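Reader: Hi! I have a model open here and would like to talk it through with you. Could you put it up so that we are both looking at it?

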Amino acid sequence: MSKPYPRPRNPQVPLPSPNPPPSSPDFPYPGLRRTGDANTPRGRGLVATATFPAGSAIAAFPRPLLCLPDGEHVRTACDWCLRPGAGSSGTDDGGGADLGEVRPRPKLNACTGCRCVVYCSKTCQSAAWKAVHKLECPALRGVKDGVFGATRINGKETEAKGEGKWFVPTAVRCAMQLLLRLKTGDRDVRDAVGDIPFVGTTSGAKGVLEGNVHGFRDYEDGTMWKDLGAQARAALQSSGIELEGDKLAAAAEGVRGLLCRLQTNAFDRRDEDVGAAGVLLDVDLAMANHSCLPNAYVVFAGRTAILRAERDIGVGEEVEISYIDNNLSKAERQKALGLYHFGCQCRRCQEDLDVYQVCQSSSTIPLNILSLQPDLDLYKNPPIERNHYVYDAPRPPIDSPNYDLYHMTVGLKDKKMYAIEPFPSLYHQLVVRYETEELNLAYALAIACFLATQCHPYGHVVPFKPWRVKGLMMIAQLLSHTAPLSATGELGKKCGTTKTSRVLVDELAKMDQVSMCEAILRLVVHYGPMAHSDDWEVLRSARELLEDIAQLQGRERESAAIAAWVRDPEQSDARAFVDEMVLKPINVLASRSMGWVFYEALCGPNSVVPDAPGSSVRRLVCQP
Ligand SMILES: [Zn+2]
Ligand SMILES: [Zn+2]
Ligand SMILES: [Zn+2]
């Protein structure tokens, strides 16, 4: 059982304004209003009518028009709340192993009508039935092998093994749900997507969601437009809407428009800490515009989308989110935004700023006073070498692991620009690989420390960004494994025999890993509610681990110092303790992951590290 954990508040983060102005009945979100229309240059948007300090929740959107697991997760996640069930792998989207595994996963039960979808509880099942599944269930049952040429999941055996292909593409299923509801005259759907010819009664409704249909029609070589057409016909057919000739053509064109609206407005909903992934469409949240320098971001909890302030937002300011990974390069961002059919005019795009330049001008730097990288000067003057001569990096043999990634990252490494993609992604993959495949926990830990101190702070300047908090949790999880192994002297046996491994294991043995773990967990517990919600799985895991640590005897002094540090990161005694016992060791581990680990990870064990630029040795020799 987890008891409530006292949550000290970061003095840097003020509370949201207590009494936001009342909202209008058709837009029930205090502190937000809609602005503009389809004809204004940026279309519609969301504007703050109250102040929202960095770290506060702006609004929750608990009633999406559409929310369902994607095809890949349809057998492993509840079809209503998207909670992953027992036996599903929880970390397929990169959260690192073991994250958020405290709450036991529910057994999922298939709908006995169609045997196509699963639910975590009777409550979810009946909510889903009432909302849409009573219409969808017979339709799914009716869809036989013919439509998509794949197999319908039928007997219990395949179900238990989780085998069999999901037979309806996610986009088609989304359209199906909306069409079936339109057929019954569902006003929410009609108001959102407008009429579809010959589907239900036509009322002249245009729908508030924008579709950018012209953009999709003219997109690239027209393949996507053709695909959308095929999906539209499949959705009509599987919804049991039987039309012919001109009527079918008109309805299919209407559904293609609906699919364009879905593409433009729905979220690819990923719970980064659990294995739930799917689609979420909320008509009100869909009004939020894009910026590569957003002041807000969206997280998901069950069927609820939560809009959170990434930095202080003032009255009258537009609330903007990033539709894409805004840490990608400008070219990659433009490509990703191509699907939304607008040229982004944000400052990051206009001036082509990289993550370090974005970080340098961020107003949120001071929040990092309580973090693993509290030297605020580093954010303003990052330790990179912009004009560093990038020597022609030696190429590892073609069959070495991560050959391409090596080439993509070695230039960045020479300039010490570790926060620029794909470096952080590669390092993240390496943590997962060393933790789960190679079982070299010392390496995984060193790399995780590097990510948390050299990559994440620059790429996500606010210390409560979910990605950063999860980076901390990754370190804490690893320390919770290495600490007991170090204490019994067994860590060495589990970390391979390379020189780097031995050095790391010796160094770890001298560190107070429990204090390091406790301090990091305290950060997670402090920032978790600002990152996501009080109910975040990551937060739950952190609280459980802290309880385990609280059971250890004779650590009163350490625990008190860490607690004091979180309450006031500038209090000198506490700060001195944390500097010496936590931050310094973490930086030592981080520094070990450069050099040897980097080459070993990318070029295989026992690779010879090339000398620095200017040396005559330019060849990277990989021994068998
Ligand atoms: Zn559920
Ligand atoms: Zn069913
Ligand atoms: Zn931009």
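Author: Happy to. A word on terms before we start: a helix here is a DSSP run of H or I with at least four residues, and helices are numbered from the N terminus. Also, this is a predicted model.

Reader: Good to know. So where is Glu 136 found?

Author: Glu 136 is found in helix 1.

Reader: And is Glu 136 buried or exposed?

Author: Glu 136 is buried, because its relative accessibility is 0% and the cut-off for buried is under 20%.

Reader: What does Glu 136 contact, leaving aside its neighbours within four places in sequence?

Author: It is in contact with Arg 173, Met 176, Gln 177 and Leu 180. With Gln 177 there is also a polar contact of 3.3 Å between the two side chains.

Reader: Where do His 133 and Cys 137 lie?

Author: Both are in helix 1, which covers residues 122-142, and they sit four residues apart, about one turn of the helix. His 133 and Cys 137 are both buried.

Reader: What about the donors of the zinc ion (ligand 3)?

Author: Those are Cys 292, Cys 344, Cys 346 and Cys 349, each through SG, lying 2.3 to 2.4 Å from the ion. Their spacing in sequence is C-x51-C-x1-C-x2-C. The site is tetrahedral, with angles of 101 to 117° among the four donor atoms.

Reader: Are Cys 344 and Cys 349 buried or exposed?

Author: Cys 344 counts as buried at 7% relative accessibility, and Cys 349 counts as buried at 2%.

Reader: Switching to voids: how many cavities of 30 Å³ or more are there?

Author: The count comes to two. The largest cavity holds about 90 Å³ of space.

Reader: Which helices each supply at least two residues of the lining of the largest cavity?

Author: Helix 14 (441-459), helix 15 (466-487) and helix 17 (513-531) do. Among the lining residues are Leu 370, Ser 371, His 456, Arg 468 and Tyr 527.

Technical notes: Residues are numbered from 1 along each chain as its sequence is written. Chains are lettered from A and ligands numbered from 1 in the order in which they are written. This is a predicted model: local features need pLDDT of at least 70, side-chain atom pairs count only at pLDDT 80 or more; totals for chains, interfaces and linings use all residues. Side-chain values use heavy atoms; hydrogens and water are left out. Buried means under 20% relative accessible area, exposed over 50%, partly exposed in between (1.4 Å probe, protein chains only). A polar contact is a pair of N or O atoms within 3.5 Å; within protein, one must be able to donate a hydrogen and the other to accept it, and residues adjacent in sequence count only if both atoms are side-chain atoms. Contact means heavy atoms within 4.5 Å. On a 1 Å grid over the protein atoms alone, a cavity is a set of points where a 1.4 Å probe fits but cannot get out, and a pocket is an open set with protein on both sides within 12 Å along at least five of seven lines; lining residues have an atom within 4 Å of a point. Grid points are joined across faces, edges and corners, and a volume is the space filled by probe spheres set on the points. Donors are N, O and S atoms within 2.8 Å of the metal (3.2 Å for Na, K and Ca); water is not among the atoms, so sites may look incomplete. Four donors count as tetrahedral if all angles lie between 85 and 135 degrees; four count as square planar and six as octahedral if opposite donors are over 155 degrees apart and all others between 65 and 115; anything else is irregular.
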